[in-house]
Amino acid sequence: LGRGGMAEVYKGYQESLDRYVAIKIMHTFLSVEDDFLQRFKREAKAMASLSHPNIVRIYDFDIYGQDSYYLVMEYIDGGTLKEELENLAQFGQSMPLEQSVKMIADVADALAYAHRRGMIHRDIKPANIMLRKETSQAVLTDFGIVKLLGDQSMHYTATGALIGTPSYMSPEQALGKPGDERVDIY
């Protein structure tokens, strides 16, 4: 279904529950990093603790073999907002205003929910927003670099390290400085 800097995502079928799922398999080269397991567990727990219609649900996480870490998540059948925008642009079209406003409201609602629970996403971009095929409902995904507010013991970024996607970063992130909820809104 997709590939990023940290993982590849596949569509799978969960026979026991007769449903499709998304399986996010982390790149094996990451497992040699000292804090990888902590970051992987943090993403899984952060996502699993959220229950909101505009945030992808996580069903399970585990390790296969010695270095294949994976998450099993809800399968969203409509592709990403990035893909939708690229398809529209290919035909010289843009998204209708009403649909754009609805998607912004969906993502804002998801972020408000996550922020109330002390979580900052830090990588809001069209590729991390999935769309439900029937309803065009926006669903926020990829909490891989989530920051948990108030937990000063969690330092997952090195000074000067860029965390996020440069084209969508807030100025604070681009400078390697800590940010709060406003980095998601930027």
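**Exercise 1. Over the ring of which residue does the charged end of Lys11 sit?**

Solution. The model is a predicted one, in which local features need pLDDT of at least 70 and side-chain atom pairs count only at pLDDT 80 or more, while totals for chains, interfaces and linings use all residues. Residues are numbered from 1 along each chain as its sequence is written, and side-chain values use heavy atoms, with hydrogens and water left out. A charge sits over a ring if NZ of Lys or CZ of Arg is within 6 Å of the ring centre and within 35 degrees of the ring normal. With that rule in hand, the charged end of Lys11 is found over the ring of Tyr20, 4.3 Å from its centre. Arg19 lies over the face of Tyr59, at 3.8 Å from the ring centre. Tyr20 also belongs to a cluster, linked by ring pairs, with Tyr13 and Tyr75; rings of Phe, Tyr and Trp (its six-membered ring) pair if their centres lie within 6.5 Å.

**Exercise 2. Describe how strand 3 pairs with strand 2 and with strand 5.**

Solution. Strands are DSSP runs (E, at least two residues) numbered from the N terminus, as are helices (H or I, at least four), and two strands pair if DSSP finds at least two bridges between them. Begin with strand 2 (residues 7-14), which pairs with strand 3 (residues 19-26) in the antiparallel sense over eight bridges, with Val9 opposite Lys24. These two strands form a hairpin with four residues between them, and in the turn Asp18 has a positive phi of about 50 degrees. Next, strand 3 is joined by five bridges to strand 5 (residues 68-74), again antiparallel, and here Ile25 stands opposite Tyr70.

**Exercise 3. Identify the buried residues of helix 3 and the elements they pack against.**

Solution. Helix 3 (residues 97-116) has 20 residues and reaches 28 Å from its first C-alpha to its last. Its buried residues (under 20% relative accessible area, 1.4 Å probe, protein chains only) include Met103, Val107, Leu111 and His115. An α-helix has 3.6 residues a turn, so residues three or four places apart point the same way. The buried residues of helix 3 pack against several elements, among them helix 2 (81-90), strand 8 (138-140) and helix 5 (182-185). Just after the helix, Gly118 takes a positive phi of about 80 degrees.

Conventions:
Rings of Phe, Tyr and Trp (its six-membered ring) pair if their centres lie within 6.5 Å; planes under 30 degrees apart count as stacked, over 60 as edge-to-face and the rest as tilted. The expected span of a helix is 1.5 Å times one less than its number of residues. Buried means under 20% relative accessible area, exposed over 50%, partly exposed in between (1.4 Å probe, protein chains only). Contact means heavy atoms within 4.5 Å.
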